[in-house]
Amino acid sequence: MVQEKILHGADYNPDQWLDRPDILKKDIELMKEAGINTATIGMFSWDKLEPEEGDFQFEWLDSIMDTLYENDIKVILATPSAARPAWMSKKYPEVLRTNERGEKMRHGGRHNHCFSSPIYRKKVTIINKKIAERYKEHPALLMWHISNEYGGECHCQYCQENFRSWLKKEYSTLENLNASWWTTFWAHTYTSWDQIESPSSIGENEVHGMNLDWRRFVTDQTIDFYEHEIKDIRKLTPNIPITTNFMADTMDLIPFQGLDYYKFAKHVDVVSWDCYPAWHNDWETTADLASKVGFIDDLYRSLKQQPFLLMESTPSMVNWHPVNKAKRPGMHMLSSMQHIAHGSDSNLYFQWRKSRGSSEKFHGAVVDHDNNNQNRVFQDVRKVGESLEKINKVTGSSKKSRVGIIYDWDSNWAINDSQGFSQETKQYPQTLQNHYRFFWNNDIPVDIISPKADLSQYDLIVAPMLYLIDESSLDKFSTYVANGGNLVMSYISGVVNEHDLTYMNGWPQQLQEIFGINSVETDVYYPKDRNRILIDGKSFEVKDYAELFDVKSAHVIGTYDEDFYAGQAAITENNFGKGKGYFIGARTNQEFLDYFYSYICKEVQICNDFVIKGNDNVSVQSRKLSNKEVFFIMNFSESNQKILVSSETVDLLSEKHVNVEINMLPYEVKVLEKRE
Amino acid sequence: MVQEKILHGADYNPDQWLDRPDILKKDIELMKEAGINTATIGMFSWDKLEPEEGDFQFEWLDSIMDTLYENDIKVILATPSAARPAWMSKKYPEVLRTNERGEKMRHGGRHNHCFSSPIYRKKVTIINKKIAERYKEHPALLMWHISNEYGGECHCQYCQENFRSWLKKEYSTLENLNASWWTTFWAHTYTSWDQIESPSSIGENEVHGMNLDWRRFVTDQTIDFYEHEIKDIRKLTPNIPITTNFMADTMDLIPFQGLDYYKFAKHVDVVSWDCYPAWHNDWETTADLASKVGFIDDLYRSLKQQPFLLMESTPSMVNWHPVNKAKRPGMHMLSSMQHIAHGSDSNLYFQWRKSRGSSEKFHGAVVDHDNNNQNRVFQDVRKVGESLEKINKVTGSSKKSRVGIIYDWDSNWAINDSQGFSQETKQYPQTLQNHYRFFWNNDIPVDIISPKADLSQYDLIVAPMLYLIDESSLDKFSTYVANGGNLVMSYISGVVNEHDLTYMNGWPQQLQEIFGINSVETDVYYPKDRNRILIDGKSFEVKDYAELFDVKSAHVIGTYDEDFYAGQAAITENNFGKGKGYFIGARTNQEFLDYFYSYICKEVQICNDFVIKGNDNVSVQSRKLSNKEVFFIMNFSESNQKILVSSETVDLLSEKHVNVEINMLPYEVKVLEKRE
Amino acid sequence: MVQEKILHGADYNPDQWLDRPDILKKDIELMKEAGINTATIGMFSWDKLEPEEGDFQFEWLDSIMDTLYENDIKVILATPSAARPAWMSKKYPEVLRTNERGEKMRHGGRHNHCFSSPIYRKKVTIINKKIAERYKEHPALLMWHISNEYGGECHCQYCQENFRSWLKKEYSTLENLNASWWTTFWAHTYTSWDQIESPSSIGENEVHGMNLDWRRFVTDQTIDFYEHEIKDIRKLTPNIPITTNFMADTMDLIPFQGLDYYKFAKHVDVVSWDCYPAWHNDWETTADLASKVGFIDDLYRSLKQQPFLLMESTPSMVNWHPVNKAKRPGMHMLSSMQHIAHGSDSNLYFQWRKSRGSSEKFHGAVVDHDNNNQNRVFQDVRKVGESLEKINKVTGSSKKSRVGIIYDWDSNWAINDSQGFSQETKQYPQTLQNHYRFFWNNDIPVDIISPKADLSQYDLIVAPMLYLIDESSLDKFSTYVANGGNLVMSYISGVVNEHDLTYMNGWPQQLQEIFGINSVETDVYYPKDRNRILIDGKSFEVKDYAELFDVKSAHVIGTYDEDFYAGQAAITENNFGKGKGYFIGARTNQEFLDYFYSYICKEVQICNDFVIKGNDNVSVQSRKLSNKEVFFIMNFSESNQKILVSSETVDLLSEKHVNVEINMLPYEVKVLEKRE
């Protein structure tokens with residue numbers, strides 16, 4: 001897809017207002033005023049498109065499409081599989097999911113279809129094909145939006161059978177499967193395929209190898225369903241890009257835990273995702289949260305190493321957080337621009353207009369129940385629309401990072417499922433957010449990548465808490481460092497292989513060589529336990545985990561202060577081939593990470609050339625156009641802030657000259673281009 | 001029912017002691033000594049009345065009835081439907097409830113019958129009729145007590161069918177239903193009635209309109225069952241009053257959440273209820289709790305605007321609170337008198353005698369396991385019996401309030417079910433308790449009423465957080481104020497109509513006119529967020545919610561201190577017609593409510609003429625006899641307190657003269673009559 | 001069993017490594033080095049012993065047994081019933097458990113077989129007999145280990161039927177049953193046996209007599225299954241002792257709540273149990289936790305009044321605590337020796353070697369994934385092996401206590417299930433731990449015994465919170481004190497009989513006589529409520545419970561300080577016959593218990609003759625050999641400690657002379673023998 005400008009739009013549900021032509025007319029008026037150029041439609045329209053089995057009704061959608069087109073608004077058209085009509089559940093109960101206890105769910109909610117059900121697949125084929133055939137030539141059609149926020153799982157007999165087939169393909173023989181799952185433990189050996197059942201809280205749930213494979217199966221099964229959905233669409237509209245909206249998990253904004261998006265991303269033409277941070281909350285600073293947004297934006301951008309789309313966001317508040325607080329003045333502009341700064345080519349909202357009833361009627365929208373343009377949310381959106389128009393040139397532009405932070409879904413699933421360490425303090429993705437924070441504070445661009453990515457393009461790879469590392473990745477890390485790369489790793493890394501089987505005979509040889517140490521014990525702390533790391537007379541707090549290791553060739557940077565391992569190495573540095581391996585033995589507070597990575601950055605010489613004197617509250621991100629760079633300067637604080645940069649610029653938003661000393665008002669954002 | 005004196009009695013379970021004539025004899029002796037004039041019997045006697053299907057055994061009950069009568073003790077006779085015999089569940093499983101997951105419950109506990117089951121209804125008809133026929137002329141028979149603490153719900157196929165019938169009656173067409181439930185959202189449109197299933201956590205639970213209708217249906221279904229129960233009883237004993245015991249919910253003493261008692265109250269001859277406050281707890285003062293008791297007593301008195309009955313209370317402690325602490329000396333007298341003061345014509349206990357086994361053996365009772373009159377609980381009860389004899393003249397007397405506080409079950413269900421705002425801080429009924437507190441502190445009588453009540457009789461209507469207001473109520477409020485009424489309303493009011501559909505095009509026109517403002521945004525706070533309201537140099541803390549509005553004709557009383565709406569209106573007052581509308585924009589602490597309502601009371605001129613100088617720990621309530629007023633003065637504190645009243649009186653309890661300055665000992669209660 | 005030396009060994013799972021002869025060989029080498037003399041095998045080997053129905057494979061086990069024998073390692077051989085092969089669940093679903101909601105569980109985990117299933121019983125008979133026949137003469141065979149950690153319950157139709165049969169045997173007639181369960185309450189009378197169903201959260205759960213009988217039935221049913229398992233084994237190997245491993249419950253180390261081990265102990269030849277304290281946690285001191293370990297060791301030793309076996313323990317950490325922290329240096333020796341000091345004749349580990357996969361791969365083991373002898377855990381184990389060799393003489397030796405603390409499973413179940421008092425603060429076993437603490441602090445040996453034990457051998461019986469006491473025990477206490485015994489009892493004692501029916505007509509006569517008081521009321525405190533007991537100018541804090549009583553013949557030792565019972569008796573002492581009854585009215589902190597029992601100890605003259613000046617952090621326990629006593633001195637603290645003893649000794653571990661003033665390093669243990 002070659003996009004000409006930044007998409008500014010929203011999920012639009014005209015199907016809720018078909019009996020209100022005045023509302024539909026008002027929608028168009030207000031869209032124009034708000035600078036909307038895109039509408040996402042059809043997502044939950046199955047009941048309107050096929051009100052009874054086989055009775056298809058497209059006229060209303062024709063009219064919506066035409067009207068949008070006439071008003072220069074492009075359409076992201078959704079397939080309706082995320083919520084099926086009631087008649088289908090009633091007539092074909094197999095389309096309903098079965099939960100992990102074996103209970104057949106009833107009709108209700110959404111995102112609740114069995115991915116295996118032959119009937120559901122057939123019904124989806126029919127409706128998707130009809131939609132694609134009807135609108136394949138429609139000039140408003142910009143992109144396909146397949147279903148909505150894929151997630152969840154089904155344990156029905158069809159899915160059990162598919163799981164077994166998946167396992168047969170993966171393992172060929174039961175002997176392989178038993179060995180990989182270590183089933184002799186507790187006499188769990190399987191002697192025929194049909195003995196295998198999906199993980200269940202009232203059945204098997206402690207065979208970690210199986211649990212891990214189940215998660216992989218669920219990803220593959222979901223992608224298979226997605227591929228089923230797009231089959232005819234791709235055939236009928238080979239030039240229209242296809243996406244589906246990804247998600248973050250919980251308010252901590254960690255990656256969605258249900259699906260391996262590294263796999264899924266290969267199947268979409270453009271990555272799009274839905275972002276709902278809890279701005280202005282009472283447990284973290286605005287900069288704390290902004291850094292988390294940066295982290296996950298960078299992950300989803302890195303999935304395809306190309307600009308992504310922000311598919312959903314709220315212009316104000318959501319309705320499903322424990323506390324649903326509205327964005328303060330300025331925050332909508334700032335938070336919208338942050339996504340663009342990290343590589344988004346869109347700013348799309350859920351939702352255009354609040355519904356009158358049902359569960360999302362209080363979810364923020366461009367148009368409120370007051371149905372007018374007078375409230376501050378509408379005005380905020382209008383201003384964002386205006387601003388985006390001024391920076392359309394960044395559309396399609398790239399970002400370039402010399403630092404890669406590794407996040408791995410497999411490792412995440414495996415460590416969370418593991419029995420051991422401390423259940424409360426594993427927090428693998430949160431630990432990555434903490435490491436990322438240094439780079440965000442220092443305006444150093446970062447990719448968040450898979451261990452399977454090409455590492456050679458990075459000067460520094462950061463891979464903390466990588467519990468699961470398969471043999472080939474061990475070799476890869478070894479090659480990377482030997483060839484001159486710099487690798488940071490930490491406690492609880494390299495413990496198990498891809499089947500969650502521990503490495504035998506000690507820590508993997510490759511890691512021992514890279515880091516010049518041998519890890520021998522992971523000390524687990526109670527919540528109130530503390531220790532300290534001593535470095536050059538400085539001392540940094542240790543909590544949660546402390547790894548003990550024998551030092552072989554490594555240089556000891558820091559040592560533990562207390563306990564039976566007082567004086568032993570805690571932080572090391574090792575030359576290996578042309579590169580270096582750095583090892584962080586313990587979990588610390590942010591102070592240590594800042595200290596440590598400042599040192600690394602000096603060593604590896606990665607810093608932001610543009611920013612002379614940065615500011616932890618001000619984020620600087622850039623996008624590289626063919627011949628120049630555009631800098632986004634964003635003040636994520638409630639007070640005035642200052643930074644110093646290396647050259648004078650022009651602010652594309654205000655069109656004003658900007659000096660090298662830049663003063664930022666609270667929540668202010670500037671988009672700077674160097675003066676010619 | 002014209003009652004001659006205050007009922008003093010208890011739930012009596014002689015069926016547990018039929019093999020112990022010595023116990024039954026002792027019961028009568030002790031009842032006489034304790035001043036008991038009423039016994040409630042038969043509530044859980046089905047297994048004794050019909051030990052096997054069709055085998056009816058009434059002789060034991062005849063004997064109990066006769067003995068009670070011979071000893072001048074009247075009988076409140078219960079129907080036994082609250083717990084059926086095991087043989088019935090075994091033979092007819094359909095009588096068992098089905099829970100919301102579709103699981104058929106097993107036999108056990110109580111209050112667990114399906115309200116729809118034809119067999120259960122038939123069995124209830126038979127036993128109720130037999131009881132009524134047998135005792136219709138019995139001279140001991142004072143009143144009917146139908147079943148016990150109706151509550152809960154069933155999701156079996158019979159109930160599903162009844163729910164659908166109810167909906168058909170309510171909406172006539174699916175088109176109406178779909179429009180009212182806004183089912184186009186998430187493709188939830190129903191195209192045939194049999195697609196509708198009751199709300200379920202494993203099915204549909206986010207169609208708020210349906211959830212609300214389900215609650216209404218459960219109320220109607222329960223009342224229908226109750227009407228089924230009383231059909232023959234009414235025919236056979238047209239002059240015997242019928243009641244069933246209502247409840248409060250949780251230890252916070254908020255109204256029972258399961259049923260709309262405004263509807264139910266129309267079907268009983270006298271309202272009766274069961275009250276179990278956690279006196280002497282460690283999270284609130286005695287006055288805090290007493291005010292909550294006052295609130296709910298006033299609500300249940302207001303249901304029929306006539307004296308109610310306290311059907312159950314404990315003479316000491318209960319067994320089902322997290323902590324079951326006994327009443328301190330003096331508290332039993334004080335707490336008993338409080339109900340009388342608020343309009344009760346009875347002081348009845350659960351239970352007369354502690355059982356030896358099963359779940360309620362440690363629930364407080366008049367007679368303990370020691371089976372004698374020596375313990376302090378028995379003596380406390382005896383003293384209450386003596387005291388009630390001295391104030392029998394208040395029986396049947398009324399209370400008159402010029403203030404009405406609005407509580408609405410529909411609005412409560414709808415706001416609790418809504419997704420939005422902050423789940424933890426909705427607390428609608430608790431907010432009403434806070435507003436009530438001012439009036440309780442200042443001894444101003446209050447009715448707690450439905451929005452459907454006749455408002456014209458009140459000088460002041462207080463209606464905070466009235467989330468759901470139907471069109472006709474909007475008009476009613478308008479008329480009320482236009483005609484000279486004073487109305488207080490607050491944040492989160494008038495948001496949705498009776499189907500939980502939001503009002504379109506802004507805040508309802510009627511409210512805009514009454515209050516002279518237009519509400520535009522409700523700011524939702526995180527738990528640690530605070531703001532302040534400034535009034536005349538005073539400042540009051542704001543938490544949880546702050547509503548922002550455009551001021552039109554209103555006079556601004558108070559403004560916000562901070563945030564982006566600093567300086568904007570928070571509290572307003574508006575002339576509308578002959579009356580006034582007051583609007584409270586934010587949730588505050590008690591200090592503000594005291595300040596605000598003190599102002600209102602001066603404006604509206606409602607104060608207690610008798611109390612010259614009151615005391616927040618001393619509650620004064622009165623009942624109006626034909627020619628005079630009786631004042632209950634109650635010290636809800638652990639120290640001596642003083643109040644000043646406008647005239648000298650006589651204490652009916654001590655028969656002593658009382659000066660205008662009244663000194664109250666800890667927990668003391670006086671019942672005063674002006675000297676002739 | 002006459003054991004010659006202390007068993008030092010571990011659960012050994014060679015079946016997980018049959019394809020790795022190098023590992024099996026390494027195992028033997030490392031066992032020799034670690035001083036291992038015992039291996040527990042076969043526990044989860046059913047899938048290897050009978051991989052398909054009727055296909056038995058013993059060769060691998062033959063080989064393991066032979067190799068162990070050749071290396072002087074004895075075998076504790078387990079029956080494999082704790083985890084069955086998948087083929088069995090698939091073919092015979094009846095072997096799976098049904099939970100209390102009636103859901104059939106699926107295959108998975110372990111400890112999940114129905115105890116009633118005829119097929120499971122048959123399959124167990126076959127495999128157990130085959131094992132016994134094959135190894136009955138094997139010279140390595142030391143002991144039988146039946147199944148593993150019996151626990152849980154099944155609610156299938158077979159179990160329902162067995163429950164009913166059990167009840168018929170217990171009660172003969174429904175009339176008896178109804179009377180004992182007080183079923184007239186809530187019309188729960190049963191009129192035919194088949195109406196009775198097991199307790200269920202979706203059925204009956206408030207008939208406390210039934211709940212209590214269900215727990216008794218589960219114990220009897222489990223023992224019946226165990227007896228079924230050992231039938232042929234006993235016949236085939238009459239001289240090989242049989243055990244099964246008991247457990248503690250939760251990290252508080254209270255007795256396992258699921259089974260009455262007093263009953264079960266009668267069926268085993270030697271008591272063995274699995275102990276997993278959370279050493280070095282952050283909520284209690286090391287001495288706090290050590291005292292709890294002492295308590296439960298003393299309970300399990302007292303079950304048969306003979307040495308027990310520590311069947312499982314970790315050499316380092318577990319994997320299932322919320323936080324899994326490794327033992328600090330010194331703790332493994334100290335904690336191992338503590339069990340020996342309290343009467344264990346073994347120190348056995350779970351597990352010999354960490355598995356590579358599945359749920360227990362991170363549970364501590366002698367051999368880690370590094371597969372070598374270099375890590376500190378292996379070295380700690382080796383040192384323990386050496387030390388045990390030095391004290392083999394204690395094997396089989398007894399302990400003698402003059403103090404008995406009563407713990408009763410029935411009473412524990414009944415009080416926990418009771419509705420009343422305060423749900424959070426019942427804590428019956430924890431209260432016993434608190435009383436025990438005094439004796440532990442003061443190095444006074446204690447037995448923990450059943451109320452059915454022979455009391456006459458004790459000078460002091462401590463029986464706090466004995467909620468349930470049957471009639472015969474009442475008489476027994478009476479006789480015990482009358483004959484010169486000293487009995488301490490407390491609040492909430494003697495409330496109900498063996499059917500959880502309260503005693504009528506006041507506190508049991510026997511207790512009134514023993515203590516010279518009549519208990520009349522139990523005051524229940526909210527968490528923040530406090531009172532004080534005054535004794536001789538000292539004052540001790542009261543919380544949770546305060547019992548009020550009339551004093552008859554008793555001497556009042558302490559009185560309450562506050563509330564309406566200020567000045568009333570709180571602590572009393574009474575002469576009854578030749579003995580004394582002491583009554584503690586309220587729950588206090590440890591200070592009072594120390595004060596009180598110091599007084600009692602002086603009165604009863606029980607003190608440790610060897611310890612002149614003890615230390616609350618240093619535990620002294622002794623084992624009595626035929627002609628001498630061996631003292632274990634253990635410093636459960638992180639600092640140096642001192643004690644003074646009555647004679648000079650030799651430390652068997654260091655073989656050094658020890659003076660009467662003994663200095664103990666942190667975590668140090670000495671095993672002292674008086675110099676000849």
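Before the first stop, a term: buried area is the accessible area (1.4 Å probe) that two parts lose on being put together, summed over both. What you see is a predicted model, where local features need pLDDT of at least 70 and side-chain atom pairs count only at pLDDT 80 or more, while totals for chains, interfaces and linings use all residues. Residues are numbered from 1 along each chain as its sequence is written, chains are lettered from A and ligands numbered from 1 in the order in which they are written, and side-chain values use heavy atoms, with hydrogens and water left out.

**Stop 1: chains A and B**

Select both chains. Between chain A and chain B, about 4700 Å² is buried, and carbon and sulfur atoms give 52% of that. Now pick A:R106, A:D282 and A:R356: they supply 17% of the area that chain A buries against chain B, more than any other three residues. Counting contacts (heavy atoms within 4.5 Å), 53 residues of chain A touch 52 residues of chain B.

How many salt bridges does the rule find across the interface of chain A and chain B? There are 6, a salt bridge being a side-chain nitrogen of Lys or Arg within 4 Å of a carboxyl oxygen of Asp or Glu. Zoom in on A:K325 and B:D529, whose side chains meet in a salt bridge at 2.7 Å, N to O.

**Stop 2: chain C and the axis**

**Stop 3: a sheet in chain C**

Strands here are DSSP runs of E, at least two residues, numbered from the N terminus, and helices are runs of H or I, at least four residues. Two strands pair if DSSP finds at least two bridges between them. Colour the open sheet of 5 strands in chain C, ordered β23-β24-β29-β26-β27 with antiparallel pairing. β23 (618–624) and β27 (656–658) of chain C each have a single partner strand, so one side of each is left without a neighbour in the sheet.

Look for C:V650, opposite C:H657 in β27(C).
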